[in-house]
Structure formats: structure tokens, C-alpha cells
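Subject: The structure, and some notes on it

Hello,

Here is the structure I promised to pass on.

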Amino acid sequence: MLTSIAVLFALFFRSFLVTPLQVDGNSMEPTIKSKEETLVMNFGKIHRFDVVIIKMPSGETYIKRVIGMPGDRLAYKNDILYINGKKLKENFLKKILDTKHQPYTSDFTLKELTGKAKVPQNEYFVLGDNRRISKDSRTFGPVRDSWIKGRAIIVYWPLNKIRWIGHN
């Protein structure tokens, strides 16, 4: 009886509260590297700079960082994020230095990309941390809140790389 309860609790915990996810690809480097494994919390409010798991209607799964919240106006200019006209620091980014002085995040406005001045209600604008190669909202547009399946909270594998994934 006790074993059955433990198994049911474990299944409930894994199915509804926290699930493991192996990252495939390098669009979230240096925050999360390809083949690292994360724990994903399947509940809770989404905040700016959370790292989220997105299940697209096509079936593709992405892991990206929330940059724009519903109702936000956003733009990048000279590698600086502007939300509703105010500069915001992205402390989680470790810029790659090079001699060409190429921008890490290309300049854009939400209006240029989507034709909309603000992120629509119930949608989020997401970017990969490895901005130069990431397929994200610059490509596929804002994501619906119903497509977000959870927030990555910790990298737990490999064991020598265990770390929390914070928002900033």
C-alpha cells in the first residue's frame, strides 16, 4: 500500500509539478548548454527574464527567455533592450567579445517584426540567450501563454554543473 502511494505521488509530482528536460541545441548558451538537463516547474506565474519551455502547435519544443510581457512595447538599439521606452539591463547575457564589434542583438522594434506596437494580451516575446543564432520570436513571433509549458528552474545534469536558472 505504501509503495503504491509513493508511486502515485511520484507520478503526480513528475506529471504536474516538475518535469525533466534535456536541452538540444545551443540557442540558450551560455546559460544552458546543449545536452544539459533541466528541471521544469509546470506551474506559476511567468515573469520577465524567466527561461520557459514552449510547445509550438507544430509540435516543436523550444527553450527561450521571456523578454516582452503582454502589453509591452519593446525595441533593441545598439545592444540595449528598451521596454516601454526604458532601458533594461540583461545581466544574464555574457557578451561574446570580438574584434569586429558586431552587435549581440540586432536592432529591431516589435512593430518592425510583427506589425504590432505592443505584445498582444496572453502572449510573450521570447529570445534565446545566444542571440546571433537563436530561432525565437524574431522568427516565429510572440508565443501564446497556452504554449508555455513551464519554467526551467535548475540545471541538474551533469552533476558538476548544477546551478539555478534565475531571471536576471
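First, some ground rules. This is a predicted model, in which local features need pLDDT of at least 70 and side-chain atom pairs count only at pLDDT 80 or more, while totals for chains, interfaces and linings use all residues. Residues are numbered from 1 along each chain as its sequence is written, and side-chain values use heavy atoms, with hydrogens and water left out.

**Salt bridges**

The structure holds five salt bridges (a side-chain nitrogen of Lys or Arg within 4 Å of a carboxyl oxygen of Asp or Glu). Here are some of them. For location, I use helices (H or I, at least four residues) and strands (E, at least two), which are DSSP runs numbered from the N terminus. For burial, buried means under 20% relative accessible area, exposed over 50%, and partly exposed in between, with a 1.4 Å probe and protein chains only.

One of the bridges joins K35 and D24, at 3.2 Å from N to O. Both residues sit in the loop between strand 1 (18-22) and strand 2 (37-41), eleven residues apart. K35 is partly exposed because its relative accessibility is 46%, while D24, at 66%, counts as exposed.

D72 and R48 form another bridge, at 2.6 Å from N to O. D72 belongs to the loop between strand 4 and strand 5, and R48 to the loop between strand 2 and strand 3 (51-55), so this pair ties together parts that are 24 residues apart in sequence. D72 is buried, with 6% relative accessibility, whereas R48 is partly exposed at 22%.

In the bridge between E90 and R131, the closest N and O atoms are 2.8 Å apart. E90 is in the loop between strand 7 (86-88) and strand 8, and R131 is in the loop between strand 9 and helix 3, so parts 41 residues apart in sequence are tied together. E90 counts as buried at 11% relative accessibility, and R131 is buried too, at 2%.

**Aromatic pairs**

A pair of aromatic rings is described by the distance of the centres and the angle of the planes. Here, rings of Phe, Tyr and Trp (its six-membered ring) pair if their centres lie within 6.5 Å; planes under 30 degrees apart count as stacked, over 60 as edge-to-face and the rest as tilted. By this rule there are three aromatic pairs.

Y62 and F140 make a tilted pair, 5.1 Å centre to centre with 35° between the planes. This pair links distant parts of the chain, with Y62 in strand 4 (residues 61-68) and F140 in helix 3 (residues 137-140), 78 residues apart. Y62 is buried at 12% relative accessibility, and F140 is partly exposed at 22%.

Y76 and F108 have ring centres 5.3 Å apart and planes at 40°, so this pair is tilted. Y76 lies in strand 5 (residues 74-77) and F108 in strand 8 (residues 108-109), so the pair ties together parts that are 32 residues apart in sequence. Y76 is buried at 2% relative accessibility, and F108 is buried at 6%. Ring pairs also link Y76, F108 and F125 into a cluster.

What is the nearest side chain of opposite charge to the buried R151? That side chain is D50, 4.1 Å away, and R151 has no salt bridge (Lys and Arg count as positive and Asp and Glu as negative; His and the chain ends are not counted). R151 lies in strand 11. Leaving out residues up to four places away in sequence, R151 touches residues including L39, M41, F43, I46, D50 and V52 (contact means heavy atoms within 4.5 Å).

W157 is also in strand 11 (residues 148-157), and is partly exposed at 42% relative accessibility.

K116 is in the loop between helix 2 (110-114) and strand 9 (123-127), and is partly exposed at 43%. K116 and R73 are 43 residues apart in sequence, with their C-alpha atoms 8.9 Å apart in space.

**A nonpolar patch**

W157, L159 and I162 make a nonpolar surface patch of about 330 Å². Patches are made of residues with over 30% relative accessible area and no salt bridge, with like charges joined within 9 Å and nonpolar side chains (Val, Leu, Ile, Met, Phe, Trp, Tyr) within 5 Å. Accessible areas come from the Shrake-Rupley method with a 1.4 Å probe, and for residues only the protein chains shown count as cover.

Best wishes
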